[in-house]
Amino acid sequence: MSEVKYSKEHEWIKLDGDIATIGITKHATEMLGDIVFAELPEKGSSVEKDGTAGVVESTKAASDVYTPVSGEVVDTNQAIVDDPSKINQDPEDSAWFFKLKIKDQSEMDTLMNKDDYDKFAKETSA
Amino acid sequence: MEIKKTSLYQLHQDCNAKFVEFAGYQMPIQYSEGIVEEHKFTRNHSGIFDVSHMGQLFIYGGEDLIKDLEKIFPLDLKKLRLNHSKYSFLMDKDAGIHDDLIITKTNEGFLIILNAACKENDFKILKELLKEKYKMVLDESRSLIAIQGPKSSEILNEVINGVKDLNFMSGNWFTFENQKVYITRSGYTGEDGFEISIANNFVDKLTRELINKGSKLIGLGARDTLRLEAGLCLYGHDLDKDKTPVEANLKWAISKERISKGDFIGSDIIIKQLNDGVSKIRVGIKPEGRIIAREKTKIFNQSDVHIGEITSGTFGPSVNGPVAMGYVENEFSKKNTKVFLEVRGKKHPASICSLPFYKKSYVKGVN
């Protein structure tokens, strides 16, 4: 299993073979506040790198969720749709959003590692 | 223009507030526990709101002032008892709403609580309408806090003895640290509670004492979800100059006696609308499922015709689901009418419902 990578839109992605699991970062949930609604892409649909692949809403506002890589949606996490507060509780593990069968492994190279992301998150929220 | 801070700014910081700019003030939107927890704490216990950005307008005068104010507000101010409050509006001649407000009769005249974003303009309008006959003070030397929720009466009464005997929508002067404080039993959450007007340099001490007794500071985020669940309007969203009190479904706040005589600003339009009906009206809207329809969401009828717009919409933590209100064409305003809300390009089913979404029994009369 490869290391976890991060996007500038505050998604994390974990690759296992050609299956990527994607969710939003703890930092993102802290900026959003209490998440009360989640919408996920449809199973079987195709999503393009940096395209929208869902929505989360806090009590304050709606935010798009983007996919950091392209691929076909092979699974979605119904548990976070049924209880969106799970996203605040465990964003970088059990509250994953969707799984993709990825098209192009090289898209992973454009993403940040944990240290770079932490630095990026700190700078952009300052 | 420099952003203003309230006298509780330091306390907000000490409580890890996240700030937003609101009506020219740096205000706490939430604290570390977040909007949902703050909302629930207010419903189940007691929450303190810093609303010092709101205008506290004192107008001094007697019988003449009552007569002159009755030309402005659709209220029976002559009959209003001392220290009693009424919800009302400042309207233009077309009955468009400049602001909604709470007016209280005091021993020296009237105290009017105004929205922060409107207070300067309201002051100008009122000064002109009253032709500078009366002393008017938009008092920046006083802070305003609200304490709301079922434990509020007990907690506040421990600090300021006697407040528990106030009736709903009435007030009086009390003392705290030898300071005169004016307290009314009122609020904006659908809960029992109080609003306290106190000198700026004592508000920090009072608030910390209330926190020590178990209350907690609550941000503007939860204030919004609480008031929307309670079906209460927010000026600039649910009310504005293009809407009249009749369209806003607030005719209960207009004195019947005054309508029969007319003779207040906007009365022609109000009377006409009460007789002939209105084309659009404010309603509660309950989306099916979990989708949140926010302000400006378009509303459609079952034949896909655009019939209105959402003016406030959020997730209601006590309802545990989305809640909204908005304006629809009158013929679609009946309870249980099926409508559709366009969110992110898709139409989602919802129904017209009665307000409030969340109801609790207030303390109305304790004596």
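A: Happy to. One term to start: a residue counts as buried if 20 or more other C-beta atoms lie within 10 Å of its own. Also keep in mind that this is a predicted model.

Q: Good. What percentage of the residues in chain A are buried, then?
A: Of the 126 residues in chain A, 42% are buried.

Q: And how many helices and strands does chain A have?
A: Chain A has four helices and nine strands. Along the sequence they come in the order β-β-β-α-β-β-β-β-β-α-α-β-α.

Q: Why would you call chain A as compact as a globular protein of that length?
A: Its radius of gyration is 13 Å, close to the 14 Å that the globule rule gives for 126 residues, so chain A is as compact as a globular protein of that length. The C-alpha trace of chain A spans about 35 × 35 × 25 Å along its principal axes.

Q: What about contacts inside chain A, what share comes from residues 24 or more positions apart?
A: Taking the contacts in chain A with a separation of 6 or more, residues 24 or more positions apart account for 62%.

Q: Switching topic: how many residues does each chain put into the contact between A and B?
A: Chain A gives eight residues and chain B gives 12. On the chain A side, strand S4 (35-39) and strand S6 (52-58) each give two or more residues. That side of chain A divides into three nonpolar, two polar and three charged residues.

Q: Now chain B. What domains is it divided into?
A: There is domain 1 (4-52 + 140-229) and domain 2 (279-353) in chain B. Their C-alpha centres lie 31 Å apart.

Q: How many residues of each domain are in contact?
A: Eight residues of domain 1 of chain B are in contact with seven of domain 2 of chain B. Helix H2 (35-44) and helix H7 (220-229) of chain B each supply at least two residues of the domain 1 side. The residues on that side of domain 1 are two nonpolar, two polar and four charged.

Q: Is H7 of chain B mostly covered or mostly open?
A: Mostly covered: nine of the 10 residues of H7(B) are buried. Among them are B:Leu220, B:Arg223, B:Asp224 and B:Glu229.

Q: What covers those buried residues of H7(B)?
A: The cover includes H2, strand S2 (18-22), strand S3 (25-30), strand S4 (47-50), strand S17 (306-316) and strand S18 (321-329) of chain B.

Q: And which residue with a positive phi follows H7(B)?
A: That is B:Gly231, with a phi near 75°.

Definitions and conventions: Residues numbered from 1 in each chain as written. Chains lettered and ligands numbered in written order. Predicted model: local features only at pLDDT ≥ 70, side-chain atom pairs only at ≥ 80, totals over all residues. Domains from an automatic or database assignment. Contact = placed C-beta atoms within 7 Å. Nonpolar A, V, L, I, M, F, W, Y, C, P; charged D, E, K, R; others polar. Rg over C-alpha atoms; globule rule 2.2 N^0.38 Å. Buried ≥ 20, exposed ≤ 12 C-beta atoms within 10 Å, placed from the backbone.
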